[in-house]
Amino acid sequence: MQRVMRAAVALAIALGPAGAVAQEKTPGEERLEALERRLAEQEEEIEALKAREAGQPAPDAKADRPASAAERGEKFEKTFGFDALATWQEGFWLRYVDESEPDPEKRVLHSLRLSTRVQSDFRLFAEDDHPGDSTFLIRRARLAFTGTFYHHIDFSAEVDFAANEADLKDAWVQLSYFKPAMLRAGNLRVPMSREALTSSRYINFIERPMIIGLLAIDREIGAQVHGDLGFANYQIALTNGNPVNSRDNNDDKDGWVRLALTPFKPGKGLLGDVEVAASYNYGHTNGFRQRLRTYGETVLFDVNPGATGNPFSDQTGTRQRAGAEVTLPIGPFKAQGEFLYQRVEGNQVGPDDLALDYHGWYVDLLYMLTGESMGTAKRVIPKKNFDPGEGGLGAWGLGVRFEQVQAEEALRGAFGGGRTDEVNALTAGLNWYLNPNTRVMLNYYRAWFDETIATGGETLDNEDVVLLRLQFEF
Amino acid sequence: MRRAALAAIALVWLAAPSPGEEAEGDARKRLEALERRLAEQEKEIEALKADREGAPDRRRDGASVEAQARGGGAPLAPEQAPAQKPPATGGLHGGFPRGEEEFEKKFGKEAVITWDQGFGFRYVDPDEPDPGRRVLFSLRPGGMIQVDGRSFTDADHPGDDTFLMRRARLLLTGTFYRSFDFVVEGEFAETNAQIRDAFLNASFTKYAQVRGGNFKVPILREQITSDKYLDFLERPLATGVMALDRELGFMLHGDADFANYQAMIANGTGPNARDNNDDKEFLGRLALTPFKPARGLLRDVEIAGSYSYGHTRDFVPVFRTYAGTTFLTIPTTAVNGATQKGYRQRTGAELTIPVGPFKAQAEWIQMRVEDVNRTGAGAGDVTVTDWYVDLMYMVTGEARGVNRRAVPETSFDPLDGGWGAFEVGLRFEHLDTNEALSASGDGTDEVNIGAVALNWYWNPLMKLAVNVYRAWFDETVTAGDERIENEDVIIVRWQLEF
């Protein structure tokens, strides 16, 4: 169309007076040609706009969008890089697509995700004479980068700012060439306890059971081989044995193994997330701190070798930990129970060298009133998000936990009173999932101490704490 | 349309006179006819484009939710969305492979990356007909760097001239499910990384929103204003002396256009600090913005009052100048384990008048702290009063506004001849407290400050600022080994934020 028009105008010019009298363009001719070009451009533009109005593809799609890096040329790509794209998949991702890969599921060569998590709590001591102060607090405030390079190299780097300092959390690299045997190294979660392995975003109650803190099951620096065979998964790890981003203080390393059976996972049915697992750890420790605290952070005992005022002067010896787990998520129901054991040798108190045994267990029972599936270590997706304008109420769930921790009776003698070697606790929970990213949690926690404890100038036989959490993760 | 254009050209051309008859006046007429036709076509194109685009692309308003959220305690507005679903990038390098369900299932749905004085991710709900609600999720990484040079112009001042990192922050801010906004911000300028904003805001209606986490308390316009957009390089003394900062807690707030309000319950112990007593602090602020609905020149005029009341433990005011010189110390002794235990109340009044390139801002605040256990004097109340007036003028004529970026008409670029925007300002501030506090001779109970500012906005993201200030102490102050009656300081700041 454009060519026809140009030909018509050119013919007119050729036959016209200017063409007959002179070869050189007069100012009038130049002005005429400029007008002609502009007229043709505008006609193209009008056609494109009208076609789009009618829902038809534009004659030239390039005019409709910014040019890609490839279209802008090699020099542009060399200077500024190739085009990447953004996707939304429960969070924003940057993806670089390998165009030569025919399989859509393998087309992304590199990925990167920025994410965050904040848990804003209110903690209320229900008894007036409890020495603890009721307070708002930031329990976790994290920023994280996760991603994949070259299809098979995964990484995670995460920092927590809640304690007014930057605490490194996940910081590992993983080779995922072969799913049944992947290698991960860095600061990683040790393979023990379903509850400890579950992200704090998805735990059943506001705090993990007390036994997990006592056994210091957390992240450690080391390396791990792990794999998922469908009906089972396993982890074998070697770590420093000191919690969270700490260098070792002896030459021996901690060895870990965990085996989990997921017999119904291949069927992907209602019982797909059922898991039965066992784990074991062995290592040598120096100065290992054994502290038992309630959900209100009241210290029930603290074996802190070498610390001022602590009856334990030193600890050097072996440490063994073992655990057994059962997790039964069936639709909106979920039952989870664990038993954990620890033996720490070489605790020096006065002239005595004590081996201290600890064990604890808990049972969680949960039910989603609104019928959503709970699963294990994953988001609960409400059937309808909370939205007062559209009538959505989100998802609601109830839960109850009973737990017990028992320590060596010799501890009481070592501390000379004011401490307890046994605690039982009951927690009732209400979970409100406003949407997949936001959760409000309300827990009522009561702990019964076997012996009266002394803290903050008061003596306590039990503790009642109300915990409220506003959590979002993105 | 094309045929009409051809006909117009042909008509003009056929009607042209023969060479012998050619006259300069006729040629001019023909060309003018063509030009008119072109002008008509241009109008037609504009009309077609307007039909296509519908509502204007409000992303360019510079009022994104992230920008507002990072502005501090000001209420958040609903996300403003692009008018159209952004076009796909095609199937070349990095292009979204349309129609490949397997790809979407594994790697997610197509999102877009936008520039709005910073890069952001947005996921647009293609089924949402309301352009104002189309963005379902958004995420924006941001940051700020403030590099200062601070010089004491008195040679005998014991303070050291120094470069310092005043602020170095990284943050993530965003929106999910349209109505939930969040900000998580880390500060790295101090020795340890610290959390700044860390809150979630639920904004189903702009009249009543709920915010929970660690965020700015709703007391004083200057405190609520983001560090990025302050008139002077340091806030008035009151913010430090009266511990106006972020707090952990919850806030109900809303914006009715002609007014906005905030009501908060907090620990009362400072940013990201757990409480040290069981009582909580209550804070409230009501601001009138009577000209905002009209959207005219006076839209940002604001008159506000604020009040806080709570019980504190071990709260003893710390008196420091802009340069950190302590001009009054209250020696205390712990009684029953506390240096102070009683109520704290703060009352503030604000007036902000931005009119085009002019801006006047004035505030008054008074704090009363009960039962400070002063060494040798027993328990007694401490009262501190502070007021200040800022006068600002954008020499290059840009509008200044409140708690927002100054956007130069032309960005600074020596190659293209742009100079950015220039602003000058004056401040006078006065602070006084109980006379008895300076009776020991170690400090002053009254200080006056005069300050001059020159702000050079290179572009919307970067500014270079110089402040010169003098503090007059009513009584001599001990600083290091010197006794000083006043303090002269020059502060230079280079700031980049996005």
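Let me begin with one pair in chain B, where the side chains of B:R167 and B:D227 meet in a salt bridge, with N and O 3.2 Å apart. This pair links distant parts of the chain, since B:R167 sits in strand 4 (residues 162-176) of chain B, while B:D227 belongs to the loop between helix 5 (221-224) and helix 6 (237-241) of chain B, 60 residues apart. Please keep in mind that what we are looking at is a predicted model.

As a general point, side chains of opposite charge can pair when their charged atoms come close.

In chain B, the side chains of B:D300 and B:R404 form a salt bridge at 3.0 Å, N to O. Here B:D300 is in the loop between strand 10 (281-288) and strand 11 (302-313) of chain B, whereas B:R404 is in the loop between strand 16 and strand 17 of chain B, so that this pair links parts of the chain 104 residues apart. B:D300 is buried at 17% relative accessibility, but B:R404, at 35%, is partly exposed.

In chain A, the closest N and O atoms of A:D464 and A:R446 are 2.8 Å apart in a salt bridge. Because A:D464 lies in strand 20 (residues 458-473) and A:R446 in strand 19 (residues 438-455) of chain A, the pair ties together parts that are 18 residues apart in sequence. A:D464 is buried, with a relative accessible area of 5%, while A:R446 is partly exposed at 26%.

Now let us turn to the strands of chain B. Strand 15 (residues 358-374) and strand 16 (residues 378-394) of chain B pair in the antiparallel sense over 15 bridges, and B:Q366 stands opposite B:T385 of strand 16. Between the two strands of this hairpin there are 3 residues, and B:G376 takes a positive phi near 80°. On to the next strand: strand 16 of chain B also runs antiparallel to strand 17 (residues 421-433) of chain B, joined by 11 bridges, with B:G425 in strand 17 as the bridge partner of B:M392.

Note on methods. Residues numbered from 1 in each chain as written. Chains lettered and ligands numbered in written order. Predicted model: local features only at pLDDT ≥ 70, side-chain atom pairs only at ≥ 80, totals over all residues. Heavy atoms only, no water. Pairing = 2+ DSSP bridges. Helix = DSSP H or I, 4+ residues; strand = E, 2+ residues; numbered from the N terminus. Salt bridge = Lys/Arg side-chain N within 4 Å of Asp/Glu carboxyl O. Buried < 20%, exposed > 50% of the residue type's maximum accessible area, 1.4 Å probe, protein only.
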